[in-house]
Amino acid sequence: EVNSIGDISVSEDGAGAIVALGNDVTVNSTGALTTSGDLSSGIIAMRDYGVDPNTGDVSFDDAAQSVSVTSEGNITTAGDGSLGIAAGAGAGTATVTSVGDITTVGEFGVGIGAAGQAVTIVSDGSITTSGAYGHGIIVAGDFAMVGEDPEAMAPVAGDITISAGDV
C-alpha cells in the first residue's frame, strides 16, 4: 500500500511520480503530481513495469488481482506517451477514483487508463489532453489467447463502469 500526501515532480524519461507494483496494489495520493519526461506517468499501479534505459522500450504486466487508486491532487504530464493514472488488474478488479484535474501534454497522452476483468472509474475533476492521439479515459477488459495462436485474442467477459466529470 502506498500513501502519499506531498507533491511529487519527476523529469526523467520513463519515470513515474508514484509506481506501485504487486498482485494487490493500493495507492492513495493527496498531493499534486507532475512529470515532464516521455513515458512518465503520474501514477502507475500494476503487477510489473519497467523501461529499458538503452532502448526506451516499455515492459509491463497488468495481470494484478486487485488495483485500487485514489488520487485527490491534480496530475500533470508533459511527455509523449504519458498517462495521468495507469491501473492494470487484468486478472481481477481495477478501481480508479480521481478528484483532482488531470492534464496531459504530449502525443499519445492519456488521462486515465485502466484494464481489468471488472473496471470502475470515478473522475470528479476535469481531464484535458492536448497532444495528438490523446485520450481522456481508456478502459480495456481482459483479453485471453484463443487456441494455440498467440496473435488470436478474444475479450474475457467483465464489467466496466465509468462516471466522469468534464472530459
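In the predicted model, Tyr-133 is exposed, with a relative accessibility of 55%. Its ring takes part in an aromatic pair with Phe-108, and this pair is stacked, with 4.8 Å from centre to centre and 15 degrees between the planes. A search of the whole structure returns 1 aromatic pair. Phe-108 is located in the loop between strand S12 (102-104) and S13, whereas Tyr-133 occupies the loop between strand S14 (127-129) and strand S15 (135-140); the pair therefore ties together parts that are 25 residues apart in sequence. Phe-108 has a relative accessible area of 48% and is thus classed as partly exposed, since the exposed class begins over 50%.

The protein contains 18 strands and 0 helices. Of its 167 residues, 38% are buried. Among contacts with a separation of 6 or more, 72% are between residues 24 or more positions apart.

The surroundings of Val-96 illustrate the packing. When neighbours within four places in sequence are set aside, Val-96 is in contact with Val-69, Ile-85, Ala-87, Ile-112, Ala-114, Thr-120, Ile-121 and Val-122.

Strand S6 is covered on both faces: Ile-43 and Ala-45 are buried on one side, and Ile-44 and Met-46 are buried on the other. S6 pairs with S3 in the parallel sense over 4 bridges, and in this pairing Ile-18 stands opposite Ile-43. S6 also runs parallel to S11, to which 3 bridges join it; here Ile-44 is placed opposite Ala-86.

Ile-43 is also among the contacts of Ser-71, a residue of strand S9. Ser-71 has 0% relative accessibility and therefore counts as buried, the limit for that class being under 20%. With residues up to four places away in sequence left out, Ser-71 touches Ser-29, Ile-43, Ile-85, Thr-97, Ser-98, Val-99 and Gly-100.

In contrast to the buried Ser-71, Val-99 is partly exposed, with a relative accessible area of 42%. Not counting residues up to four places away in sequence, Val-99 touches Ser-71, Glu-72, Asp-124 and Gly-125. The C-alpha atoms of Val-99 and Gly-73 lie 6.9 Å apart in space, although these two residues are 26 residues apart in sequence.

How values were computed. Residues numbered from 1 in each chain as written. Predicted model: local features only at pLDDT ≥ 70, side-chain atom pairs only at ≥ 80, totals over all residues. Heavy atoms only, no water. Contact = heavy atoms within 4.5 Å. Helix = DSSP H or I, 4+ residues; strand = E, 2+ residues; numbered from the N terminus. Buried < 20%, exposed > 50% of the residue type's maximum accessible area, 1.4 Å probe, protein only. Phe/Tyr/Trp six-rings, centres within 6.5 Å; stacked < 30°, edge-to-face > 60°. Pairing = 2+ DSSP bridges.
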